[in-house]
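Here is a short report on a two-chain model.

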Amino acid sequence: MSLDAIARSEMETWFSVSQFYSCEARYLDELEFEKWVGLMAEDIRYWMPIVSNRIGREVGNELTVRGELAHFEDDHESLSNRVRRLATGRAWAETPPGRTNHLISNVEIGEAEGDLVNVRSQFLIYRSHLETDQEIFSGTRLDKLRPDEATNWKIVDRTIILDHAVLTQKSLGIFF
Amino acid sequence: MLDQGKNPHFDHLVALGKGEINRAIFSDPDIYQRELKQIFAKCWLFLGHMSQLPKENDFIATYMGEDPVIVTRQPGGKIGAFLNMCRHRGNRVCRADSGNQRTFSCPFHGWTYGNNGELKVVPGHRQVYHEELDMEAHGLIAVARIDDYKGMIFATFDKNAPALDEYLGDMAWYLDMALDRREGGIEFLAGVHKWRIKCNWKFPVDNFAGDSYHGPVSHGSAWESGFEGMPRRKKGYGYEGFQINAGNGHGFGARWAENEEQVYEMALPEFLDYEKERFPETRARLGDLRGMHLSPMHCSIFPNFSMLWQSGNMRVWHPRGVGETEGWSWCFVDQKASPEHRDLVRIHDLQRHGTLGTWEQDDVDNWVQSTMSSRGYVGRQVLQNLSMGINHEIEDPKSIHPDMRGRVAGFQNEINQRSLYGQWARMMEGDGPAVPGANA
């Protein structure tokens with residue numbers, strides 16, 4: 001391929017992934033959680049480690065690792081169950097549901113791994129609930145995406161690195 | 001109105017004979033300030049587990065009330081706990097949540113302390129302090145007493161506090177059902193869930209002490225969506241079992257199994273193989289009552305430690321002002337548990353409890369709502385009701401089983417909450433000890 005063709009291919013991937021993320025964010029913000037789960041591969045690993053404050057020689061060990069406690073450690077079944085719970089009408093902390101805006105940015109396409117594409121993105125999520133409850137969440141997502149005929153991409157692996165050491169509001173019924 | 005005298009009375013705020021509580025105790029800033037002094041600076045508070053400090057010079061940072069403390073394993077292995085506060089201007093000398101260090105240096109002027117609390121370095125001690133600053137008298141403020149019960153580290157800032165064993169009383173014996181059911185005891189997995197809740201700290205403690213009543217309503221959505229976590233053997237409303245009050249404000253709820261088969265019948269499907277593996281050892285170590293009949297579910301140890309036994313979950317509720325609480329939630333496993341079982345416990349725990357737990361979300365919402373209702377003037381005049389089963393305690397607990405200790409009631413009974421607020425009033429009232437009759 002010519003350099004021009006490589007650049008065009010990268011731009012196409014970037015455009016396609018960015019559109020996919022916007023669609024995903026819209027599903028979450030419009031409470032279309034079943035459609036959102038539909039973007040997950042059957043073998044999805046959805047993981048959010050815990051960050052803590054470290055100093056000195058411990059700098060670099062801020063995140064818990066696999067096998068240690070995490071905020072999320074979910075698969076397709078448990079994500080689907082979380083969504084089913086929200087649909088019962090008796091998930092009281094989300095009744096009425098919160099209002100969110102997922103802003104996804106800084107999309108960087110990384111190395112390909114077989115048919116998987118590595119993508120790094122950053123998020124800012126605003127949530128308003130009931131009268132004056134409000135939260136802002138920021139962080140980074142590291143995804144592995146697989147091309148898919150129906151939804152363009154499926155999320156095969158998502159690591160969510162939240163910036164917060166202490167979550168400042170309630171417990172969370174939202175997705176990242 | 002809160003009596004501002006030297007020894008104000010609090011029993012009128014918690015009329016336990018009628019099962020009524022004045023909601024001011026959840027919203028009055030003066031009462032909160034007194035709690036910091038009378039409860040959080042006097043009671044034994046949970047700091048962490050030995051498995052979080054396996055090596056010399058390991059440390060963890062936590063809180064006792066609103067006071068930040070550092071817990072250290074010193075050279076030689078001794079565990080200490082110190083106020084995380086430089087003796088010069090009061091800044092924190094440790095800004096990490098955990099790590100491994102021999103010394104802690106204040107980022108302001110560089111006063112440096114050993115992990116045994118000794119002040120070791122004061123920049124300019126000769127030139128600007130003229131060697132007149134008494135280094136020995138300016139170490140980090142140590143807790144008055146520190147001890148552990150089977151790996152669980154507790155400390156108190158009250159030098160007159162009763163011994164930890166005495167403070168825990170019969171609760172220690174019952175805690176063995178988690179801490180000593182297998183050889184080697186338990187360990188904490190790395191990582192802590194931490195989150196802020198706009199609720200008074202007593203609501204979650206109350207909930208874990210004895211509220212088995214809220215489950216079917218509050219957690220219905222989680223149960224029917226695949227996040228099980230309660231036994232299947234139902235009898236009447238709720239489940240067969242008991243609320244057991246171990247005294248001094250400590251209490252727990254447990255299901256009851258007649259025999260080994262019922263232990264397995266009540267087990268969560270994913271834990272069944274492990275239950276079968278560990279049961280003979282547990283029964284041999286703890287006997288029939290603790291090793292078979294009682295399957296504990298929830299508990300609180302006064303003032304702010306709670307546990308969900310079956311989920312491998314322990315937590316502390318740090319007060320953050322009268323209307324805010326910081327929950328810290330850990331996952332624990334038997335040290336002998338296989339890697340596969342550890343994975344199952346961890347995933348079970350985090351999908352239900354802590355920051356993103358499918359159960360926790362609805363609990364937290366309840367405590368926030370309860371706190372809000374204690375703010376309005378009119379609502380605050382309406383007493384809170386804790387009367388469930390008030391005249392229906394079991395008269396002779398030994399009739400259930402000769403080894404039974406403490407006061408006992410049916411599984412759906414607010415006995416543990418009444419005991420919790422009774423202990424609260426006792427601590428708030430004056431200069432008495434945390435255990436009635438102990439050395440004052």
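Strands β5 (residues 133-148) and β6 (residues 152-162) of chain A run antiparallel and are joined by ten bridges. Within this pair, Arg146(A) has Lys154(A) in β6(A) as its bridge partner. Strands are DSSP runs of E with at least two residues, helices are runs of H or I with at least four, and both are numbered from the N terminus. Two strands pair if DSSP finds at least two bridges between them.

This is a predicted model: local features need pLDDT of at least 70, side-chain atom pairs count only at pLDDT 80 or more, and totals for chains, interfaces and linings use all residues. Residues are numbered from 1 along each chain as its sequence is written, while chains are lettered from A and ligands numbered from 1 in the order in which they are written.

The sheet of chain A is open and has six strands, in the order β2-β1-β6-β5-β4-β3, with mixed pairing. β2 and β3 (99-113) of chain A are the edge strands, each pairing on one side only. The average twist from one strand to the next is 20°. Angles run from 0 to 180 degrees between N-to-C directions; axes are lines fitted to C-alpha atoms, for helices over the stretch in contact. Contact means C-beta atoms, placed from the backbone, within 7 Å.

| Helix | Strands touched or crossed | Angle |
|---|---|---|
| α3(A) | β1 (40-49) and β2 of chain A | about 80° with β1(A) |

Chain B has twelve helices and 22 strands. Its radius of gyration is 22 Å, close to the 22 Å from the globule rule for 440 residues, so chain B is as compact as a globular protein of that length. The radius is taken over C-alpha atoms; the rule is 2.2 Å times the number of residues to the power 0.38.

An automatic or database assignment sets the domain bounds. In chain B it gives domain 1 (45-146) and domain 2 (170-429). Their C-alpha centres lie 34 Å apart. Eight residues of domain 1 of chain B are in contact with eight of domain 2 of chain B. Strand β3 (residues 45-49) of chain B gives the most to the domain 1 side, with three residues.

How values were computed: Two residues are in contact if their C-beta atoms, placed from the backbone, lie within 7 Å.
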